[in-house]
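Trainee: I am new to this structure and would like a close look at one part of it. Please pick a place and describe what lies around it.

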Amino acid sequence: KAVQKVYSRLGEYRLLKRARPHLQIGLCGCVAQQEGEEILRRVPDLDFVLGPARVGELSSLLARRATGERVVATGFPSERRYDFDAISRDGLHKGMVTIIEGCNKRCTFCIVPSTRGPEACRSAAEIEREVRHLLAFGFVEIELLGQTVNHWREPASPAAAADEPDPADFADLLGRLAVLPRLRRLRFMTSYPRDFSPRMVEQFRRHPNLCDGLHLPVQSGSDAVLRRMGRGYTRASYLDLVGELRRARPTLALSTDIIVGFPGESDADFAATLDLLRDVRFAAVYAFCYSPRPGTAALKLADSSIPDPVAQARLQALFALQAEIQTELHAEFVGREIEVLVTGWAKTPGVLTGRTGCNRIVQFAAPDSPAATPRSGALARVAITRTHAHSLIGK
């Protein structure tokens, strides 16, 4: 539905342009990359289209717009720009740093390789410079970002010799960043299970400031479905990885992505996914019904598609089970005092909100004294007194 939503929103923005003729409207991101010139044809009031790999060219693109040209900047340049002084960062509670773009995987349901291009890694030195920049600015939590973030590798130099040692990998990068002064929390997403090496797992044992929350998409608990998805791992290997991670960090909270109703998914396949939820006990699950994407291999499985009412019923059953698991996991926090990174004010007057190291939302009453009220981006100790379905309540 992403494309439909984009066209609908652009229709709304056209009304703004009638009142403000000099307003410029640009479309950026994956849908922009997918639609390209076609979206300029369908939306006459759209001024420019900017693909995700070209966002560093925004300034020069706007200069071209000044001449009246409607600009399409898509595709994947060999060198991508990262002007981290120009990045808008929302609030002071977390600094996000892109370390790898694109994806070389070929999951049969996923359009990302065609909309974000092949993998392109930034150098460790450049990543460290941006992290130090954010720490100096006052951030205490850093999140490393990438479509397959744990497949990061140090880019090879053009003159690299064939007999040179293997380049630094994600485990090396975590070790390099975790020891930086003033870095209280380091997290990353999204990890690909097949790319998680024992050395990466070991970082959770070595560095306490690696956060207790890890997003590890599984997509299905059925080996048959995982094969059709082209994920490259099995249910057993995923569970082995979960065991290794929890031995390294017993308090680790895992979240995941799951697709229900993938073509050919039987009742037994879906039951295997529910069993996986019971085995792993995820802290959070982001689940969706399968949606066909243009240009993906899964379109060839249309003959074995799952009727929408069946897929929707399975999705609701999964959500119901996950709600039970989350309620039980949240109850374990009652009576404990935990560290919370303050993210701002909640909707309820006088109530602050923040996140734990395991990425759970916490709401707590502000102190009576304004001087004692922690600012956004500060760390506070909060005693948990009760829970809601998706958050913890404390003081």
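Mentor: Leaving aside residues up to four places away in sequence, Glu-69 touches Asp-47 and Arg-64, where contact means heavy atoms within 4.5 Å. This is a predicted model, in which local features need pLDDT of at least 70 and side-chain atom pairs count only at pLDDT 80 or more, while totals for chains, interfaces and linings use all residues. Residues are numbered from 1 along each chain as its sequence is written, and side-chain values use heavy atoms, with hydrogens and water left out.

Asp-47 lies 22 residues from Glu-69 in sequence, yet their C-alpha atoms are 8.1 Å apart. Glu-69 itself sits in the loop that joins helix H4 (58–65) to strand E3 (71–73); helices (H or I, at least four residues) and strands (E, at least two) are DSSP runs, numbered from the N terminus. With a relative accessible area of 34%, Glu-69 is partly exposed, a class between buried (under 20%) and exposed (over 50%), for a 1.4 Å probe and protein chains only.

For a view of buried residues, turn to helix H11 (residues 267–280). Among those buried there are Phe-270, Leu-274, Leu-277 and Val-280. The buried residues of H11 pack against helices H9 (223–229), H10 (235–248) and H12 (308–331), and against strand E10 (253–260). H11 has 14 residues and spans 20 Å from first C-alpha to last, close to the expected 20 Å, which is 1.5 Å times one less than the number of residues. Just after H11 comes Arg-281, with a positive phi of about 55°.
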